[in-house]
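Please find below my comments on the model you sent. They are kept to what can be checked against the coordinates.

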Amino acid sequence: MEAELVALATAGATTLVQQMATEGWATVRGRMAAFLARRRGTDDEAALAEQLETASTDVAIARQDGDDAVVTGVTAVWQARLRRLLSEDPGAAAELRALLDEVAPRQEGATVRDVHNTISGGTVNAPVIQAGIVSGVGFGTSGNRPPAG
């Protein structure tokens, strides 16, 4: 299978599982079930939606319990299903890309980069954040400032 299709299946599964925790999950579930049914040539869209909902329930419980292994496992299952579908029907790639762009649009100009922070020299009396991009975040002071001087 082409590396591009493998990457698309991975992105599809990851986006799918991420969307399970959003308010728009019902819409995403319906769109993904319709996509899968259409591409598999089946009328069993309701059964596919039920499978997606079961996966969503498993992910929600796992997140509550802090069980990252279940989330990873659910992602792997959907990645395998999408890889199989794309290998059998490479024409589905364009439709899957369009679906992913609709449910989780890429952020233009977003870049991935390494962030390195070093904290030294004693006690830190303020929030420390390590992130690539932080916007719209404010911190109030609680009077825990170090003495001046």
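The points that follow go from the overall fold to single residues.

1. Overall content. The model is a predicted one. The chain holds five helices and zero strands, so that its order, read from the N terminus, is α-α-α-α-α.

2. Burial and surface. Of the 149 residues in the chain, 26% are buried. The accessible surface amounts to about 9,900 Å², and carbon and sulfur atoms account for 49% of that surface.

3. Contacts along the chain. Among contacts with a separation of 6 or more, 62% join residues 24 or more positions apart.

4. The nonpolar core. The largest nonpolar core has 31 residues. Those touching the most other members are Leu 16, Met 32, Phe 35, Leu 36, Trp 78, Leu 86 and Leu 96. Two or more residues come from each of α1, α2, α3, α4 and α5. Helix α2 contributes the most, with seven residues.

5. Leu 16. Leaving aside residues up to four places away in sequence, Leu 16 touches Trp 25, Val 28, Met 32, Leu 52 and Trp 78. Met 32 and Trp 78 are, like Leu 16, among the core residues that touch the most other members.

6. The buried face of α5. Ala 92, Ala 93, Leu 96, Leu 99 and Leu 100 are the buried residues of α5. Viewed down the helix axis, they fall within an arc of 125 degrees, and therefore line one face of the helix. The buried residues of α5 pack against α1 (3–19), α2 (25–40) and α4 (68–88).

7. Ser 56. This residue lies in helix α3, residues 45–65. Ser 56 counts as buried because its relative accessibility is 6%, where the cut-off is under 20%. With residues up to four places away in sequence not counted, Ser 56 touches Met 20 and Trp 25. Trp 25 is also touched by Leu 16.

8. Ala 34. Helix α2 contains Ala 34. At 16% relative accessibility Ala 34 counts as buried, since the limit is under 20%. Its C-alpha atom is separated by 9.0 Å from that of Asp 44, which is ten residues away along the chain.

Methods
Residues numbered from 1 in each chain as written. Predicted model: local features only at pLDDT ≥ 70, side-chain atom pairs only at ≥ 80, totals over all residues. Heavy atoms only, no water. Helix = DSSP H or I, 4+ residues; strand = E, 2+ residues; numbered from the N terminus. Buried < 20%, exposed > 50% of the residue type's maximum accessible area, 1.4 Å probe, protein only. Contact = heavy atoms within 4.5 Å. Areas by Shrake-Rupley, 256 points an atom, 1.4 Å probe, with all protein chains shown as cover. Arc of directions from axis to C-beta. Core = buried A, V, L, I, M, F, W, Y, C linked by side-chain atoms within 4.5 Å.
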